[in-house]
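Please look at the sequence and the structure below, and then read the briefing that follows.

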Number of protein chains: 2
Amino acid sequence: MPKVSDEHKEERRRQILEGARRAFARYGYERATVVRLEQEIGLSRGAIFSYFPDKWAIFFALAEEDYARAGELWIREGFRAVIEQMVLDRPDWLGVYFELTSMLRTNPELRAQWSARNPEIDRRLLEHIVGEQRAGRLRDDLEPAEIARFLGVILDGVTVHVTAGFPPDLDLVLKLVNAAIRPE
Amino acid sequence: MPKVSDEHKEERRRQILEGARRAFARYGYERATVVRLEQEIGLSRGAIFSYFPDKWAIFFALAEEDYARAGELWIREGFRAVIEQMVLDRPDWLGVYFELTSMLRTNPELRAQWSARNPEIDRRLLEHIVGEQRAGRLRDDLEPAEIARFLGVILDGVTVHVTAGFPPDLDLVLKLVNAAIRPE
């Protein structure tokens, strides 16, 4: 039997992730059954679960992708770009995150995995914030991690509003966020 | 047959709301079945649904209570008190809200009902903000509704973090919120 090439494996992995993202967005996490995952992905459960151990692992890989993309956008184009490109148009998908908040709280192992989903992006983001502080574009009387955490609260608050069908006035939110984190 | 007194009715209503709050906090909205509601409340489904037309109506009544209490607290004791008394210690209960965000977005009728859950508190809160602006404690270059909406985003962001088991540093959040909404 010929060995499955790495390229083929990577294609299959992408097919699984993209199909699963559609299935989660459409049905939510809990109701994305194995049958529905098979249908959206177009592969059998055997094939799917030879790439990922379980449904959580698929979701986690998608959350990792989101996190890396959000971090890159933030560093390259700023915080507004993260909201515009990753939040405003994806309420179905983002709703899935909120289905899982209680699970994260009540399962310390998952919560630890979640916190450490991309230490490399975390490190680069903090470096970016330090650079912005040195350039006088962010206030420097706070730790970089404090600024990152505050913006994380804002991002989650905006995401709740978008997901519930009450998208906030982005200009207003960013104006007030800037007043909070810019130097006097 | 003697007529059920208003006092008795009010007691029963409270019993239903308190039991349902426990059931929702424990099982989530979807998994709080009629059997589980009966168990937590200690009344039959017949009795329960003679007070409320359906499960949504019970949840909505609880959300109305939360909203009124949050509004009163905000006006009387400030925004910090809302977070301290209504968010920090209730992650189980608050998780239920996030189970319903996608339903609100995709059901315009529920969303309209949700937006109008307490116009009287909304009015009093805006009046309170106007008073704070006149007293020089809040910046007056924004509409009162804009300040309220920004604080709504913050409140939801903090609630996500608490519900997911990552409670934020409240002093830090409030320091930055104040920098955003206090006069220069």
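**Two copies and their contact**

In this predicted model, 100% of the interface residues of chain B are also interface residues in chain A, so the two copies meet through the same surface. Two residues count as being in contact if their C-beta atoms, placed from the backbone, lie within 7 Å.

Residues are numbered from 1 along each chain as its sequence is written, while chains are lettered from A and ligands numbered from 1 in the order in which they are written. Because the model is predicted, local features need pLDDT of at least 70 and side-chain atom pairs count only at pLDDT 80 or more, whereas totals for chains, interfaces and linings use all residues.

**Symmetry**

- Chain B is superposed on chain A by a rotation of 180° with 0.0 Å of shift along its axis, and the RMSD is 0.0 Å.
- That is the relation of a two-fold axis.
- The superposition is by least squares on the C-alpha atoms of residues with pLDDT of at least 70 in both copies.
- Gly157(B) is the residue of chain B that comes closest to the rotation axis, with its C-alpha at 1.8 Å.

**The interface**

- Chain B contributes 30 residues to the contact, and chain A contributes 31 residues.
- On the side of chain B that touches chain A, two or more residues each come from α6 (91-99), α7 (101-106), α10 (144-163) and α11 (170-181) of chain B.
- The element that gives the most to this side is α10(B), with eleven residues.
- The side of chain B that touches chain A has 17 nonpolar, seven polar and six charged residues.
- Ala, Val, Leu, Ile, Met, Phe, Trp, Tyr, Cys and Pro count as nonpolar, Asp, Glu, Lys and Arg as charged, and the others, Gly among them, as polar.

**The fold of chain A**

- Chain A has eleven helices and zero strands; helices (H or I, at least four residues) and strands (E, at least two) are DSSP runs, numbered from the N terminus.
- The C-alpha trace of chain A spans about 65 × 35 × 30 Å along its principal axes.
- Of contacts in chain A between residues at least 6 apart in sequence, 58% join residues at least 24 apart.

**The domains of chain A**

- Chain A is assigned domain 1 (1-52) and domain 2 (59-181), with bounds from an automatic or database domain assignment.
- The C-alpha centres of domain 1 and domain 2 of chain A lie 27 Å apart.
- In chain A, ten residues of domain 1 are in contact with nine residues of domain 2.
- The side of domain 1 of chain A that touches domain 2 of chain A comprises six nonpolar, one polar and three charged residues.
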